[in-house]
Amino acid sequence: MLLLTILTMTACDIESPYSGYAVFFTCDIGYDPFKQATGLGQFITVRRKQGSTPSYEVTDTQGKKHVHQLTEMEARQQFQYGLGGLIIGTPSLQDGSIWAYDLACPNCDSQRHRLELDNIGRAKCHNCDTQFDLNLGKSSGLWYYRVSTAGTFVTIHN
């Protein structure tokens, strides 16, 4: 009985690798720039775009920015982008599935300390100088989110 009590108490201390920040985002990976995230070792970012018109900004694998104004239906879905935004891609050292990470540095835990990606699947925080290898999946050290797929549609959620 004592062993069961100890195990139960220590189980509460296990941290979840999933981010606790609210996220809900849907996209069609059949079209660019989202399609780029399906290549092994390729990652894009998605951030809420500030302004009067609801929109988000996607930075593709080449660093080019694409602004997408939300349709009425998308606006009703009330997209949420985690703490700093999203990193979406396919780690080369995993099984070929799409992953979604939070764009904020988990060490700094601040919306304004977003990671900068290079073109080989690494992310760096310029505030604390920590580097992360996105190709490692769960072992990357980043917060990540659940990803569900239905055809070419991907939904990122808690």
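Select Arg 76 first: this residue is exposed, at 58% relative accessibility (exposed means over 50% relative accessible area, buried under 20%, partly exposed in between, with a 1.4 Å probe and protein chains only). The model is predicted: local features need pLDDT of at least 70, side-chain atom pairs count only at pLDDT 80 or more, and totals for chains, interfaces and linings use all residues. Residues are numbered from 1 along each chain as its sequence is written, and side-chain values use heavy atoms, leaving out hydrogens and water.

The structure holds four salt bridges. Go next to Arg 122 and Asp 118, whose bridge spans 2.9 Å, N to O. Arg 122 is partly exposed at 38%, and Asp 118 is partly exposed at 30%.

Now select Trp 99 and Tyr 101. Trp 99 is buried at 12%, and Tyr 101 is buried at 0%. Rings of Phe, Tyr and Trp (its six-membered ring) pair if their centres lie within 6.5 Å; planes under 30 degrees apart count as stacked, over 60 as edge-to-face and the rest as tilted. The count comes to 13 aromatic pairs. The Trp 99 and Tyr 101 ring centres are 6.1 Å apart with planes at 25°, so this pair is stacked.

Finish with Phe 24, Phe 25, Phe 34, Tyr 56, Phe 79 and Tyr 81, which form one aromatic cluster.

Conventions: A salt bridge is a side-chain nitrogen of Lys or Arg within 4 Å of a carboxyl oxygen of Asp or Glu.
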